[in-house]
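Visitor: I am new to reading protein models. Please show me how to read one feature by feature.

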Amino acid sequence: MIFETARLIARRFRPDDLADFVAMRSDPEVARFQGWENYDEAAGRVFIAELAERAPGQPGWFQFALVEKETQAFVGDCGLDVHAEDPGLARIGYTIVRAQWNRGLASEAVSGLASYAFSHFPITMVTASLDPLNGASCRVLEKAGFVRSGVYGETAWFKGEWPDDLVYARRRGD
């Protein structure tokens, strides 16, 4: 275990997470606002193997597997991306298995991840970037104490279009 919340345990990915992880990332509704499409087992194996060589708090992304405490079932993941040039800055990402949506697990994971980041690393601000059309994710961040900080118009080509980029932030002590 790396950190925990009332209902979740965030831990390193294990090889036995592969099937559940790939199933989650293969779900088109889950992938709708994410940076992947057509996720397969080979990609999942590489992902889990690469994470085994990383540690939380290093510059770059580190993903945590999320399991429900009560059942030990895989329910998603969350990630922390520590900025290489400024270790006081980080961004987060999160994904929850669709069958677990609308239970408050994403907000709980995001809040727990931000608390973990602030208490274990010299991080002073955590951001999240999302498509403004992803209202559910906006609510997740707001429930986790993040504040809307700006909208940037059409910053990157994404899945065949130029969506806006909405940024939320939470500072140490918020």
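Guide: Start with the core. In soluble globular proteins, nonpolar side chains tend to be buried together. Here the largest nonpolar core has 47 residues. A nonpolar core is a set of buried Ala, Val, Leu, Ile, Met, Phe, Trp, Tyr and Cys residues joined through side-chain atoms within 4.5 Å. Buried means under 20% relative accessible area, exposed over 50%, partly exposed in between (1.4 Å probe, protein chains only). Phe64, Leu80, Ile92, Ile123, Leu141 and Phe146 touch the most other members. Helix 4 (residues 105–120) gives the largest share of this core, nine residues. Helices (H or I, at least four residues) and strands (E, at least two) are DSSP runs, numbered from the N terminus.

This is a predicted model: local features need pLDDT of at least 70, side-chain atom pairs count only at pLDDT 80 or more, and totals for chains, interfaces and linings use all residues. Residues are numbered from 1 along each chain as its sequence is written, and side-chain values use heavy atoms, without hydrogens or water.

Visitor: Which residues is Phe146 in contact with, leaving aside its neighbours within four places in sequence?

Guide: Contact means heavy atoms within 4.5 Å. Phe146 has such contacts with Ile92, Val110, Ala114, Val126, Thr127, Leu141, Tyr168, Ala169 and Arg170.

Visitor: How do I read a pair of helices?

Guide: Two packed helices are described by the angle between their axes and the distance between the axes. Axes are lines fitted to C-alpha atoms, for helices over the stretch in contact, and angles run from 0 to 180 degrees between N-to-C directions. Helix 4 and helix 5 (residues 135–143) pack at about 45°, with axes 8 Å apart. So helix 4 is oblique to helix 5. Angles under 35 degrees count as roughly parallel, over 145 as roughly antiparallel, 65 to 115 as roughly perpendicular and the rest as oblique.

Visitor: Which residues meet between helix 4 and helix 5?

Guide: Ala106, Ser107 and Val110 in helix 4 meet Arg139, Val140, Leu141 and Lys143 in helix 5.

Visitor: At what angle do helix 1 and helix 3 pack?

Guide: Helix 1 (residues 18–26) and helix 3 (residues 41–52) pack at about 120°, with axes 9 Å apart. Helix 1 is therefore oblique to helix 3.

Visitor: Is Thr124 buried or partly exposed?

Guide: Thr124 counts as partly exposed, because its relative accessibility is 42%. Thr124 sits in the loop between helix 4 and strand 6 (125–130). Thr124 and Gly88 are 36 residues apart in sequence, yet 5.0 Å apart in space, C-alpha to C-alpha.
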